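Here's a quick briefing to read alongside the model. Keep the viewer open and follow along.

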Amino acid sequence: IVIGGCGDYFAVADTVIMMENYVPTDVTAKAKQLAEDKTLGDVSRYSGDGDASGEGGFGALATRVPALESIGSIVQSKTKVTEAYNVKYGPEFLDDVDLRGLEQLVEIGQTRFMVDALAYVCRQLKSQQPRTMQDLVASFDAYVEREGLEAIADKDADVPGNHSKARPIELAGTINRLRTLKVAIRP
């Protein structure tokens, strides 16, 4: 049987071969040693609320506050959306934001929506105290529900608008995929 990346079968395997850089290596002894370690794979230690140190659970979720200057680089430059999973930006369109991991983005209008949403988020960060990621996304969603899709359209674009609404989680996912993103952690 050939299985990639799953240690559940180490205890019953006769031979374990690891492929690393296309080179096979026999790691049966190490696999058997790992299989004997009863703490591996024991998720019971992660149940419960726990504290921030991870003792007794996963710990508290961090409250993240995005820094304006780390989002502004995409908003302050020319952007080009040519497919649903990619935004190119910068003077020569050499920088990009890869959105392939956001599986619910299926239409190019949703990606355009995300670009204009980032501009809205930057305006919010400029005009108010630093806000958490959760607050930014929630306020953006409420704004779009109240004002409509065209309210966030770039009025200077060749064809303003042409949006399809995406979920708030996709906005958070887009922000998280910015290579320049910097966040402060609040307790």
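Helices (H or I, at least four residues) and strands (E, at least two) are DSSP runs here, numbered from the N terminus. This is a predicted model, so local features need pLDDT of at least 70, side-chain atom pairs count only at pLDDT 80 or more, and totals for chains, interfaces and linings use all residues. Residues are numbered from 1 along each chain as its sequence is written, and side-chain values use heavy atoms, with hydrogens and water left out.

**The whole chain**

- The chain has five helices and seven strands, and from the N terminus on they run β-β-α-β-α-β-β-β-α-α-α-β.
- Of its 187 residues, 33% count as buried; buried means under 20% relative accessible area, exposed over 50%, and partly exposed in between (1.4 Å probe, protein chains only).
- Take the contacts (heavy atoms within 4.5 Å) between residues at least 6 apart in sequence: 52% of them join residues at least 24 apart.

**Helix H3**

- H3 covers residues 108–127 and is mostly covered, with 15 of its 20 residues buried.
- From first C-alpha to last, H3 reaches 29 Å, close to the 28 Å expected at 1.5 Å a residue; the expected span is 1.5 Å times one less than the number of residues.
- What caps the N-terminal end of H3? Glutamate 107 does, with a side-chain oxygen 2.9 Å from the backbone nitrogen of glycine 109.
- That kind of pairing is a polar contact: a pair of N or O atoms within 3.5 Å, where within protein one must be able to donate a hydrogen and the other to accept it, and residues adjacent in sequence count only if both atoms are side-chain atoms.
- Glutamine 110 sits in H3 and counts as buried because its relative accessibility is 9%.
- Leaving aside neighbours within four places in sequence, glutamine 110 is in contact with Gln104, Leu105, Ser164, Lys165 and Ala166.

**H3 against H4**

- The axes of H3 and helix H4 (residues 133–147) come within 10 Å and cross at roughly 115°. Axes are lines fitted to C-alpha atoms, for helices over the stretch in contact, and angles run from 0 to 180 degrees between N-to-C directions.
- The two helices are therefore roughly perpendicular to each other; angles under 35 degrees count as roughly parallel, over 145 as roughly antiparallel, 65 to 115 as roughly perpendicular and the rest as oblique.
- On the H3 side, the contact is made by Phe113, Ala117, Tyr120, Val121, Gln124 and Leu125, and on the H4 side by Leu136, Ser139, Phe140, Tyr143 and Val144.

**Methionine 133 in H4**

- Is methionine 133 buried or exposed? Methionine 133, which belongs to H4, counts as buried, because its relative accessibility is 8%.
- Methionine 133 and isoleucine 175 are 42 residues apart in sequence, yet 8.9 Å apart in space, C-alpha to C-alpha.
- Setting aside neighbours within four places in sequence, methionine 133 is in contact with Arg64, Pro66, Ala172, Ile175 and Asn176.

**The loop between S1 and S2**

- Most residues other than glycine have a negative phi.
- Asparagine 21, in the loop between strand S1 (17–20) and strand S2 (23–26), has a positive phi of about 55° although it is not a glycine.
- Tyrosine 22 is in the loop between S1 and S2 too, and its phi is near 65°, again a positive value.
- Asparagine 21 is exposed, with a relative accessible area of 68%, and tyrosine 22 is exposed with 81%.
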